[in-house]
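Here are my notebook entries from a first look at this structure. Have the sequence and the model open as you read along.

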Amino acid sequence: MVERQPPVAARGDTAESESALIDLARAGHTDARETLAQRYRQPAYLLAVQMLGNRDDAMDVTQDAMLRFFTTLDSFDSERRVQPWLFTIVRNQVRDLWRRRRRRPGDSAPDADSLTSQLVAPGPSPEADLRRQQLREEVWRAMDKLPAEKREIIVLRDFHDLAYNDIAQVLGIPIGTVMSRLHGARRQLRARLEEGGRHA
Amino acid sequence: MPDACGRTFDEAFLSGYLDQALVQGDEQRVRVHLEDCVSCRALLEDLASVRDATMSSTFDIPRDDEWSEAPRTGTSRLLRGLGWPLVTAWIVVVIGFGLWETWQDADNLFERLLLVGGLSGVSLLLISAFLDRRHAMQTDRYREVRK
């Protein structure tokens, strides 16, 4: 039913191949478009699900973001990295969805364990691994309770491994602000974990 | 920015240190401070532990074939492009012929009025649906997006 994503470190691709793919996709090569879609859909989905906590909403947002990505391909500077640009689109789509949802009083908020329910459960493993998985679940449960602007910066840095300048681009903030905002968010996450009875 | 523990830098530098995002001078300042400050060391260890848990998490993801925007093949697009106009033309011809035959076979004015009235009602409903659809398409922000 589901797949596991490769480790974060394995997701990166060289800027050269990225740039070449963008050029080919612009020239109308369907294979290049499909390769781009396969390469970036997964991180886009993960960001969406980490922000929304709901698989179906995250798939819709990812789909819209990928379509937007291909529509605006002509205006993209191929010397820049694709991921921060795509993440900016995903973030905007997520915010659009929230705005629309706020107009519908019938829509319920995601439940508190929505993010943890998306985590892949570990197989039979030593006790130490189980403790680590328990900490992961507590972290994402606490993350679920953070305000969106705190959660997104932690997710961008600690899960997606974006550099500070890429985070600044995605969030539309000065690079000098990234470190202080990230630290404030990490502090708040730690406080939530402690509130939940867990010392990180 | 002096602190109770004697720190001479902003606490956010601890996150910068953790992420290896500080310039050399700042990184050295933080490292030297950490050697003597138990509370900052404990905070850094906490932050590192939470970051490692976040970083090593694995989420369920949809399979490739669950994404509906996967491009259709060229042949499929061509056949679909030909199919819809043919089906539309067939519907128009069949309905038109049926209506013409019914009109011809109608014996009196009442039957003809019944036919015209029903036809007019259906036409108005279709026009209304068409106008709504056209308005929705014109205001769709993603109308230029190609699937």
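**Entry 1: a loop residue in chain A**

I began with A:Leu146, which sits in the loop between helix 5 (127–144) and helix 6 (148–159) of chain A. Helices here are DSSP runs of H or I with at least four residues, strands are runs of E with at least two, and both are numbered from the N terminus. I kept in mind that this is a predicted model, where local features need pLDDT of at least 70, side-chain atom pairs count only at pLDDT 80 or more, and totals for chains, interfaces and linings use all residues. Residues are numbered from 1 along each chain as its sequence is written, chains are lettered from A and ligands numbered from 1 in the order in which they are written, and side-chain values use heavy atoms, with hydrogens and water left out.

Is A:Leu146 buried or exposed? I found it buried, at a relative accessible area of 4%; buried means under 20%, exposed over 50%, and partly exposed in between, with a 1.4 Å probe and protein chains only. Leaving aside neighbours within four places in sequence, A:Leu146 is in contact with A:Arg151, A:Ile154, A:Ala185, A:Gln188, A:Leu189 and A:Arg192 (contact means heavy atoms within 4.5 Å). I also looked up A:Gln188: it is 42 residues from A:Leu146 in sequence, and their C-alpha atoms are 7.7 Å apart.

**Entry 2: where two chains pack**

Next I followed helix 6 of chain A to helix 3 (residues 38–55) of chain B: they pack at an angle of about 75°, with their axes 9 Å apart. The axes are lines fitted to C-alpha atoms, for helices over the stretch in contact, and angles run from 0 to 180 degrees between N-to-C directions. The two helices are therefore roughly perpendicular, the word for angles of 65 to 115 degrees. A:Arg157, A:Asp158 and A:Phe159 make the contact from helix 6 of chain A, and B:Arg51, B:Thr54 and B:Met55 make it from helix 3 of chain B.

**Entry 3: chain B as a whole**

I noted 5 helices and 1 strand in chain B, running α-α-α-β-α-α from the N terminus. Of its 147 residues, 24% count as buried.

How confident is the predictor? pLDDT gives its confidence in each residue, from 0 to 100. Chain B has a mean of 83, and 84% of its residues reach 70 or more. Over residues 141–147 of chain B, pLDDT stays under 50. Where pLDDT is low, the predicted coordinates should not be read in detail.

Terms used:
Angles under 35 degrees count as roughly parallel, over 145 as roughly antiparallel, 65 to 115 as roughly perpendicular and the rest as oblique. pLDDT is the predictor's confidence in each residue, from 0 to 100.
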